[in-house]
Amino acid sequence: MSAAPPAVAWLNGRVVDWADCTLHARSPGAFWGANVFEGLRAYWDEDAGTSRVFRLEDHLARLHRSMRALHLRTDHGDDELVRAVEDVLAGNDFRADAHVVVVVYVEAGATLDALQPTELTGVHVTAVPFPRGARYRTGLDVGVSSWRRIAHDVMPPRVKAGANYHNGRLAHHESVRNGYDTALLLNQRGTVAEGPGSCVVMVSDGQLVTPPASDGALDSLTVDTVSALAAEHLGLPTVRRPVDRTELLHADEVLLAGTLVEVQPVVSVDRVTIGDGVPGPVTRSLQDLYDAAARYGTGRPGWTHDVPVTTGVGA
Ligand SMILES: Cc1ncc(COP(=O)(O)O)c(C=O)c1O
């Protein structure tokens with residue numbers, strides 16, 4: 001990430017200076033993490049002078065699903081939120097890949113009661129330059145965390161709520177302290193759930209195999225993309241079924257998939273080498289196919305949303 005802060009953000013209907021994109025410390029959105037959000041990636045295409053947002057409509061659709069689950073609503077419609085994403089990217093003119101976050105948060109009500117009804121919400125949209133992960137080419141060493149994935153009857157993992165992310169943070173930090181790049185979390189039944197901000201896919205017997213959302217994985221757009229690309233270009237089907245921890249060790253390849261991490265090879269789990277210990281051919285192909293689809297729009301119609309960044313805010 002760049003040292004200098006971005007120039008602008010978007011808050012409740014207006015483009016504002018980065019420093020003015022604030023919410024009150026006493027709002028449940030701030031002090032309870034009472035919010036739902038989407039993280040999107042925008043790919044910079046130097047030749048086209050365009051910042052290309054991947055699967056914007058699908059991210060907004062998932063934002064609505066998260067809001068519905070937590071009884072949140074907003075008066076800012078999707079057209080306005082699309083425009084907000086465009087204005088933030090155009091106004092910052094990063095000329096680099098960026099991470100865009102759209103957050104619907106619970107505002108402080110008149111009574112300052114954090115359990116108040118949740119009609120009162122705000123929305124902010126921010127973006128920061130975000131380069132590709134350092135281990136994108138060489139692959140990740142991951143460790144299974146002692147922290148289990150939150151359960152559906154505790155904090156629904158299908159919902160992208162800010163407070164859920166303490167679960168992944170605990171697991172990730174534990175794994176980094178133990179010398180790994182990141183963590184994998186098991187669910188309460190002991191089968192594989194996901195990574196802290198990504199889903200797990202293994203390549204096994206000519207199939208992609210990934211845990212279903214009911215096993216504690218987010219309904220991942222990246223898995224959906226990878227699955228479509230694997231079927232169309234590599235002739236590989238995707239199977240969603242419970243995955244035992246030890247199955248990962250016997251897989252031909254393992255990868256993490258997520259908007260932010262994109263497609264990243266996993267080369268060891270709990271210090272056990274996966275396959276040959278180097279990124280495998282299917283993972284490599286999926287990285288290339290995913291990059292072409294997201295960065296250059298070679299995927300399905302409607303997957304990419306171009307934002308010309310040379311025209312400035314509101315052009
Ligand atoms: C907890 C969690 N799991 C999985 C994912 C991967 O989902 P997607 O591919 O839609 O980004 C994300 C990222 O959004 C996430 O935050």
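Strands here are DSSP runs of E of at least two residues, helices are runs of H or I of at least four, and both are numbered from the N terminus. What we are looking at is a predicted model, in which local features need pLDDT of at least 70 and side-chain atom pairs count only at pLDDT 80 or more, while totals for chains, interfaces and linings use all residues. Residue numbers start from 1 along each chain as its sequence is written.

The pairing of β1 with β6 (121-129) is antiparallel and rests on two bridges; two strands are said to pair if DSSP finds at least two bridges between them. β1 (8-11) is also joined to β2, again antiparallel, by four bridges.

A42, for example, has V53 of β4 as its bridge partner. Contact between two residues is counted when their C-beta atoms, placed from the backbone, lie within 7 Å.

I turn now to the domains. The assignment for the protein chain gives domain 1 as 8-131 and domain 2 as 140-296; such bounds come from an automatic or database domain assignment. The C-alpha centres of the two domains lie 25 Å apart. Their contact takes 22 residues from domain 1 and 13 residues from domain 2. On the side of domain 1 that touches domain 2, β3, β4 and α2 each supply at least two residues. β3 gives the most to that side, with nine residues. By class, that side of domain 1 has nine nonpolar, six polar and seven charged residues. Nonpolar means Ala, Val, Leu, Ile, Met, Phe, Trp, Tyr, Cys and Pro; charged means Asp, Glu, Lys and Arg; the others, Gly among them, are polar.

A residue is buried if 20 or more other C-beta atoms, placed from the backbone, lie within 10 Å of its own, exposed if 12 or fewer, and partly exposed in between. β7 runs parallel to β14 (262-269), joined by three bridges, and L140 has V266 of β14 as its bridge partner. β7 also pairs with β8 (182-186) in the parallel sense, over three bridges, and there V142 is partnered by T182.

Between β7 and α4 (165-177) lies the loop that holds V159. V159 is partly exposed, because 19 other C-beta atoms lie within 10 Å. The C-alpha atoms of V159 and R68 are separated by 9.4 Å, although the two residues are 91 apart along the chain. Leaving aside neighbours within four places in sequence, V159 is in contact with V36, S66, A69, L70 and N164.

D205 has a positive phi near 50° without being glycine; D205 sits in the loop between β10 (199-204) and β11 (207-210), and is exposed, since it has 9 other C-beta atoms within 10 Å. D270 has a positive phi near 55°, again in a residue other than glycine. D270 is in the loop between β14 and β15 (272-273), and is partly exposed, with 15 other C-beta atoms within 10 Å.

I close with the ligand. It is surrounded by 13 residues, the closest being L218, S220, T222, G258 and T259; a residue counts as near if its C-beta atom, placed from the backbone, lies within 6 Å. α5 (221-234) and β13 (253-258) each supply at least two residues of this shell. By class, the shell has four nonpolar, eight polar and one charged residues.
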